[in-house]
Amino acid sequence: MKKKCIAIILAAGQGTRMGTKTRKQYLKIAGKPILYYAVEVFDKSELIDEIILVTGAGEIEYVRETIVQEYGFEKISRIVEGGKERYDSVWNALKTIEQSEKDDAIVFIHDGARPFPDEQILERTYEEAVQKGACVAGMPVKDTIKIVDKNRAATETPDRRTLWIVQTPQVFQSRLIIEAYRKMMRSPHENVTDDAMAVERMTGNPVFLVEGSYENIKVTTPEDLKIAEIFAASRNKISR
């Protein structure tokens, strides 16, 4: 029996590395906001039952009008204001999950600035989370990685076969991710950079890597926008 699936899509980031006045999730590629593409995949997926959208401070009505209503998304059940850091935004969304769902749902957490997940990624991560409790989408690194000291001198070259680039969605059984965040928010957690780390540190539950896609990029810099335009154009051709 399929478990209920709740997607949390984060769109509260400042996007300072993009160097634009407009927050990166609202910048347009192929005529539509980056956030549109991220939401569309989850809204169309047969797996996903509802979406909680997390926005920046004071942006709830803007997102409701320009994203939800403009494009007719049907699965967005709540729009929640985010916090100062990513983990604050995730926690604000997790706290809104209904009591009846806290123990038996699957929670997908996805970056709104990552516009190109696909249905296959959602299916793979769902199956892994159901079986093992926690997983993240990712891909093996293509390049050699160097570990450097404070002077940028190389100190170590880790085996590339053991290295993956971590993506989103990061997917968890609801009881596990809520327990991890509840514990984390009561203790020092400034160095927690993603949801998988919260689960690892706070529960000890292993987090498994599941194949994502090299197209599942996070749009962070102007160079990423150019790449995203190519991917968007390719997907638009396929969908016609």
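These legends accompany several views of one predicted model. Residue numbers start at 1 and follow each chain as its sequence is written. Because the model is predicted, local features need pLDDT of at least 70 and side-chain atom pairs count only at pLDDT 80 or more, while totals for chains, interfaces and linings use all residues; side-chain values use heavy atoms, without hydrogens and water.

View 1. Helices (H or I, at least four residues) and strands (E, at least two) are DSSP runs, numbered from the N terminus. The C-alpha trace spans about 50 × 40 × 35 Å along its principal axes. Of the 240 residues, 50% are buried, where buried means under 20% relative accessible area, exposed over 50%, and partly exposed in between (1.4 Å probe, protein chains only).

**View 2. Helix 3 (residues 86-94) is largely enclosed by the rest of the structure, because seven of its nine residues are buried.** The buried residues are Tyr87, Asp88, Ser89, Val90, Trp91, Ala93 and Leu94. Their cover includes strand 1 (4-11), strand 4 (50-55), strand 5 (76-81) and strand 6 (105-111), together with helix 5 (174-184) and helix 6 (195-203).

**View 3. Strand 10 (residues 164-173) pairs with strand 6 and with strand 7 (residues 134-140).** Two strands count as paired if DSSP finds at least two bridges between them. Strand 6 and strand 10 are antiparallel and share four bridges, and Gln173 in strand 10 is the bridge partner of Ile106. Strand 7 also runs antiparallel to strand 10, joined by six bridges, with Ala134 opposite Phe172 of strand 10. Seven of the ten residues of strand 10 are buried, leaving the strand mostly covered.

**View 4. Trp164, Val166 and Leu209 make a nonpolar surface patch of about 240 Å².** Patch residues have over 30% relative accessible area and no salt bridge, with nonpolar side chains (Val, Leu, Ile, Met, Phe, Trp, Tyr) joined within 5 Å and like charges within 9 Å; a salt bridge is a side-chain nitrogen of Lys or Arg within 4 Å of a carboxyl oxygen of Asp or Glu. Val166 lies in strand 10 and is partly exposed, with a relative accessible area of 40%. Areas come from the Shrake-Rupley method with a 1.4 Å probe, and for residues only the protein chains shown count as cover.

Terms used. Contact means heavy atoms within 4.5 Å.
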